[in-house]
Amino acid sequence: MKLYDFASSPSPRRVRVFMAEKGMSVPTAQVDLAAGEQFSEAYRAINPRCAVPSLVLDNGVAICEVLAICRYIEEIQPEPRLLGSSPEDKAIVTMWERRMEIDGFFAVAEAVRNSFPGLRGRALVGPHTYEQIPALADRGRQRTLDFFRDLDARLADAPFVAGKSFSIADITAMVTIDFAASRIKLVVPDEYKALKRWRDAVSARPSMKA
């Protein structure tokens, strides 16, 4: 297998952390997003959406999108379970993972893509051109602050995002918090004690260095 990656991009980082939790390591190929390599004909043949990550299997099949890649990895190396164990648990983990992505990760991306000068004409991921809308950058920042507040409330009632066990939902939430701090300079407010407790514990996991 080979993972098509870009070291500073938060989306492939979610996959790298997932693999690190599994104790897995696969060869990687860097796709320089800053240089526009994702739009090259060679990479379009792998992922027509022109995004990272992409996982190319030994038989040449390309799996794209973070959750799809993680699902494949969980199937070939089940332990430790990061997508749930029982049918109920799997559904709950998927629910919380989706919430972390929509309410958090996409909120930060909305702020970034609608404000950074280097992303003019690239307000949405993909092969098509979309102009920035400054008001969406402001909305993305507000959504991120709301995400912090809502996640703090959730973690006041549970040790991990999806409940009793560390899961992919925690990975997405942690990457989102780091994404917000590095790109739009929003950090977890001091009053969110539960969120800060969880963040300190999760950020100390060795996998987070992936």
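**Note on a predicted model**

1. Start with Cys-50. Cys-50 has a relative accessible area of 4%, so this residue is buried. The cut-off for buried is under 20%. The model is a predicted one. Cys-50 sits in the loop that links α2 and β3. Its backbone deserves a look. Phi at Cys-50 is positive, about 60°, although the residue is not a glycine. Most residues other than glycine have a negative phi, and most peptide bonds are trans.

2. Is Lys-185 buried or exposed? Lys-185 is exposed, because its relative accessible area is 63% and the cut-off for exposed is over 50%.

3. Now check the prolines. The peptide bond that runs from Val-52 to Pro-53 is cis, with omega near 10°. Pro-53 is placed in the loop between α2 and β3. Cys-50 is in the loop between α2 and β3 too. Another cis peptide bond joins Glu-79 to Pro-80, where omega is about -10°. Pro-80 falls in the loop between α3 and α4.

4. Gln-38 connects back to Cys-50. Find Gln-38 in the loop between β2 and α2 (41-44). Gln-38 has a relative accessible area of 9%, so it counts as buried. Which residues does Gln-38 touch, leaving aside neighbours within four places in sequence? The contacts are Val-31, Asp-32, Leu-33, Tyr-43, Arg-44 and Cys-50.

5. Turn to the sheet. Four strands make an open sheet, ordered β2-β1-β3-β4, and the pairing is mixed. The edge strands are β2 (28-30) and β4 (62-64), each of which pairs on one side only. On average, neighbouring strands in this sheet are turned by 20° against each other, direction ignored. Strands of a sheet pair through backbone hydrogen bonds, either parallel or antiparallel.

6. Look at one pair in that sheet. β1 (residues 2-5) pairs with β2 in the parallel sense, over three bridges. Asp-5 stands opposite Gln-30 in β2. Helix α3 (residues 66-76) lies across β3 (54-56) and β4, and runs at about 125° to β4.

7. Arg-16 is worth a stop. Arg-16 is part of helix α1 (residues 10-22). Is this arginine buried or exposed? Arg-16 counts as buried, because its relative accessibility is 16% and the cut-off is under 20%. Set aside neighbours within four places in sequence, and Arg-16 is in contact with Leu-3, Asp-5, Phe-6, Ala-7 and Ala-210. Asp-5 is the residue opposite Gln-30 in β2. Arg-16 and Val-26 are 10 residues apart in sequence, and their C-alpha atoms are 9.4 Å apart in space.

8. How does α1 meet helix α6 (residues 168-183)? Their axes come within 10 Å and cross at roughly 140°. That angle makes α1 oblique to α6, because only angles over 145 degrees count as roughly antiparallel. The crossing of α1 past α6 is right-handed. From α1 come Pro-10, Arg-13, Arg-14, Val-17 and Phe-18. They meet α6 residues that include Ile-168, Ile-171, Thr-172 and Val-175. The residues of this α1 and α6 contact divide into seven nonpolar, one polar and four charged.

9. Compare the pair α4 and α5. Helix α4 (residues 87-113) packs on α5 at an angle of about 145°, and the axes are 6 Å apart. This crossing of α4 and α5 is left-handed. Residues of α4, among them Trp-96, Met-100, Phe-106 and Ala-107, meet residues of α5, including Leu-136, Thr-144, Phe-147 and Leu-151. The contact of α4 with α5 divides into 11 nonpolar, three polar and six charged residues.

10. Finish at Thr-144. Thr-144 is located in helix α5 (residues 134-155). At 1% relative accessibility, Thr-144 counts as buried. Which residues surround Thr-144 in contact, leaving aside neighbours within four places in sequence? They are Ala-107, Val-108, Ala-180, Ile-184 and Leu-186. Ala-107 and Val-108 are among the α4 residues that meet α5.

Key: Residues numbered from 1 in each chain as written. Predicted model: local features only at pLDDT ≥ 70, side-chain atom pairs only at ≥ 80, totals over all residues. Heavy atoms only, no water. Pairing = 2+ DSSP bridges. Helix = DSSP H or I, 4+ residues; strand = E, 2+ residues; numbered from the N terminus. Axes fitted to C-alpha atoms, helices over the stretch in contact; angles between N-to-C directions. Contact = heavy atoms within 4.5 Å. Buried < 20%, exposed > 50% of the residue type's maximum accessible area, 1.4 Å probe, protein only. Parallel < 35°, antiparallel > 145°, perpendicular 65-115°, else oblique. Left-handed = near helix turned anticlockwise from the far one by under 90°. Nonpolar A, V, L, I, M, F, W, Y, C, P; charged D, E, K, R; others polar.
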